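Good morning, colleagues, and thank you for coming. I would ask you to look at the structure on the screen while I go through its charged pairs and its surface.

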Amino acid sequence: MRRCICPGSFDPVTNGHLDVVGRASRLYDLVTVGVLVNASKKGLFALDERIAMLREVTAPLGNVEVVSFQGLLVDFCREQGIPVVVKGLRAVSDFDYELQMAQMNHRLTGLETVFVATNPEYSYLSSSLIKEVAAYGGDVSGLVPELVLERLRERMPPRASATDPRAAE
């Protein structure tokens, strides 16, 4: 069985993430979406919320499992028998960082990394950018799954801007 992992924090999952996971699901028999547990980082969504959203939006793919992990990715992959990491690359800046990680992972355990060029439609997306735009009431529909959009709207009600006449009310 050909297995891979798509690791990340997914806070929140974007359509760019789903594009990479979907493409990996066509290349591998089982794709593990590994949600990193980082106790030092306060996310917008709790770990269990991120996992639940990911499970729901990847369910139609059929060969994707969503799990959490902490510590080194190489250790988790060794324990789970996962030989390949699939990472999406948006820009050259992603490549610089991801290449270093891939080389270190390979040095540590022989873990291979496959880079997937992100669909240009999503090349500028990041979870951080989505959260920032949503926090100021910007429209992120079409950039995240509908389920995530609903959760963002619940978590971040639109704010009135300084130029909005409602701001003075």
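Let me begin with a definition: a residue is called buried when its relative accessible area is under 20%, exposed when it is over 50%, and partly exposed in between, with a 1.4 Å probe and protein chains only. The model is a predicted one, in which local features need pLDDT of at least 70 and side-chain atom pairs count only at pLDDT 80 or more, while totals for chains, interfaces and linings use all residues. Residues are numbered from 1 along each chain as its sequence is written, and side-chain values use heavy atoms, leaving out hydrogens and water.

Leu-108 counts as partly exposed because its relative accessibility is 44%. Leu-108 belongs to helix H4, residues 92–109; helices here are DSSP runs of H or I with at least four residues, strands are runs of E with at least two, and both are numbered from the N terminus. Together with Leu-72 and Met-104, Leu-108 forms a nonpolar surface patch of about 290 Å² accessible area. Such areas come from the Shrake-Rupley method with a 1.4 Å probe, and for residues only the protein chains shown count as cover. A patch is made of residues with over 30% relative accessible area and no salt bridge, where like charges are joined within 9 Å and nonpolar side chains (Val, Leu, Ile, Met, Phe, Trp, Tyr) within 5 Å.

There is also a patch of negative charge on the surface, formed by Glu-56, Glu-146, Glu-150 and Glu-154. Asp and Glu count as negative, Lys and Arg as positive, and His and the chain ends are not counted. The place of a charge is taken as NZ of Lys, CZ of Arg, CG of Asp or CD of Glu. Which helix gives the most to the negative patch? That is helix H6, residues 146–155, with three residues; Glu-146 lies in this helix.

Next, the salt bridges. How many does a search of the whole structure find? The search finds eight, a salt bridge being a side-chain nitrogen of Lys or Arg within 4 Å of a carboxyl oxygen of Asp or Glu. I shall present three of them.

In one, Lys-131 pairs with Asp-11, and their closest N and O atoms are 3.2 Å apart. This pair links distant parts of the chain, 120 residues apart: Lys-131 is in helix H5 (residues 127–135), and Asp-11 is in the loop between strand S1 (3–8) and helix H1 (15–27). Asp-11 is buried, because its relative accessible area is 5%, whereas Lys-131, at 21%, counts as partly exposed.

Another joins Asp-19 and Arg-23, at 3.0 Å from N to O. Both residues lie in helix H1, four residues apart, or about one turn of the helix. Asp-19 counts as buried at 16% relative accessibility, and Arg-23 is partly exposed at 24%.

About one helical turn separates Asp-75 and Arg-78, because they are three residues apart in helix H3, residues 73–80. Is Arg-78 buried or exposed? Arg-78 is exposed, with a relative accessible area of 54%, while Asp-75, at 27%, is partly exposed.

Finally, I return to helix H1, where Val-21 is placed. Val-21 is buried, with a relative accessible area of 2%. Val-21 and Val-116 are 95 residues apart in sequence, and their C-alpha atoms are 10.0 Å apart in space.
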